[in-house]
Amino acid sequence: MALLVVCALLCLCCWASFYFILCYANGSRSYEWNCRLVTLVHGILAVCITAYIGYVDGPWPFTYPGTPNTPLQISAMMLSLSYFIFDMAWCVYFRTEGAVMLAHHTMSILGILLTLWLGESGIEACAVLFGSEVTNPLLQARWFLKQTGRYGTLLGDVVDVVFVLLFVLMRIFVGGTMLYCELSSPRPRFFIKCGGVAMYALSWVFMVDIVRFARRKSKSWHKQQQDYQDSVAVNGHDWKKD
C-alpha cells in the first residue's frame, strides 16, 4: 500500500507538472484552456489503456467481475486517480464546476481508492473508466470549438451528435448491462456494488442534462432550417418579380 501511495503522488506530480508546462508554453491561453488539454490527454490515455485491458489483457468485465487486480489494472487506476485528484483541486480552486461534476470526481476517487485497497474488482473499475472517458475527448473538442469560433459549423454539429449517441450507448445501455452483471454476480463486495449503483445513478443525472441539451439543439436546427426555407422562398419570389 505504501508503494501505491508513492506511485499516486508521483503521478499527481506528473499531471501538475504537465499542466504548468502547458501554462508556460501557452501563456496567451487561459488556465482553463490548458487544464482542458490535460483533461483531453488523460481521456485519450485512459480510453486506450482500459480498452486494451478489457478487450485484450482481460478478464472480460461482464463475465468475471470481482476478480483480483492485475498490475496493468492498478496502473490504469493510479493514472486516473492522480488525474481526478488534480482536476478536483483545480475545479475547487477556480470554482468552474457545479455540484454534479464535483460529485462525479469524488465518487471516482473514492471508488478507485476502495478498489485499490480491496485488491479486487479492478476490471470493473477499468470498465467504468472506459465508459466514462470515451466521451471525454468529444466534450473537450466541443469546448475548444466554441473557444475558436468554430462551434457553429458542421464539425460542431457532428461532435454534438456523436457525443450524445456515444453517451447514451456507453453510459446508459452498456453501463446498465455492466451494473446488472455486477449486482447479479456473487463475487464483488457489497461496497463495490453500491459504488456501481451510485455511478450509474449519476450517469442518469448527466443524462437529464443531455436530453435538455438535445432538445435545445433540435429546436435550434429546426429554426435554422425554417429560416433557410423562408429565405429561399423570399429570394425565389423576388427573382420571379424581377
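Predicted model: local features only at pLDDT ≥ 70, side-chain atom pairs only at ≥ 80, totals over all residues.
Local features are given only at pLDDT of at least 70 and side-chain atom pairs only at pLDDT 80 or more, while totals for chains, interfaces and linings use all residues. Residues are numbered from 1 along each chain as its sequence is written, and side-chain values use heavy atoms, without hydrogens or water.

Helix H2 covers residues 31-57, 27 residues in all. Helices are DSSP runs of H or I with at least four residues, numbered from the N terminus. From first to last C-alpha, H2 reaches 37 Å, close to the expected 39 Å. The expected span is 1.5 Å times one less than the number of residues. Just after H2, Gly-58 adopts a positive phi of about 75°.

Val-56 belongs to helix H2. Its relative accessibility is 54%, so Val-56 counts as exposed. Exposed means over 50% relative accessible area, buried under 20%, and partly exposed in between, with a 1.4 Å probe and protein chains only. Val-56 also contributes to a nonpolar surface patch of about 580 Å², together with Tyr-52, Tyr-55, Trp-60 and Tyr-64. Patch residues have over 30% relative accessible area and no salt bridge; nonpolar side chains are joined within 5 Å, like charges within 9 Å. A salt bridge places a side-chain nitrogen of Lys or Arg within 4 Å of a carboxyl oxygen of Asp or Glu. Areas follow the Shrake-Rupley method with a 1.4 Å probe.

Phe-20 lies in helix H1, residues 2-25. Phe-20 is exposed, at 56% relative accessible area. Its C-alpha is 30 Å from that of Ile-53, 33 residues apart along the chain.

The whole structure holds 15 aromatic pairs. Rings of Phe, Tyr and Trp (its six-membered ring) pair if their centres lie within 6.5 Å; planes under 30 degrees apart are stacked, over 60 edge-to-face, and the rest tilted. Phe-163 and Phe-167 form a tilted pair, because their centres are 6.1 Å apart and their planes meet at 45°. The two residues are four apart in helix H7 (residues 154-184), so about one helical turn separates them. Both Phe-163 and Phe-167 are buried. Phe-190 and Phe-191 pair edge-to-face, with 5.8 Å between centres and 70° between planes. Both Phe-190 and Phe-191 are exposed. Elsewhere, ring pairs link Tyr-31, Trp-90, Tyr-93 and Phe-94 into a cluster.

Charges also sit over rings. The criterion is NZ of Lys or CZ of Arg within 6 Å of the ring centre and within 35 degrees of the ring normal. The charged end of Arg-29 is 3.9 Å from the ring centre of Trp-33. Lys-146 lies over the face of Tyr-151, 5.1 Å from the ring centre.
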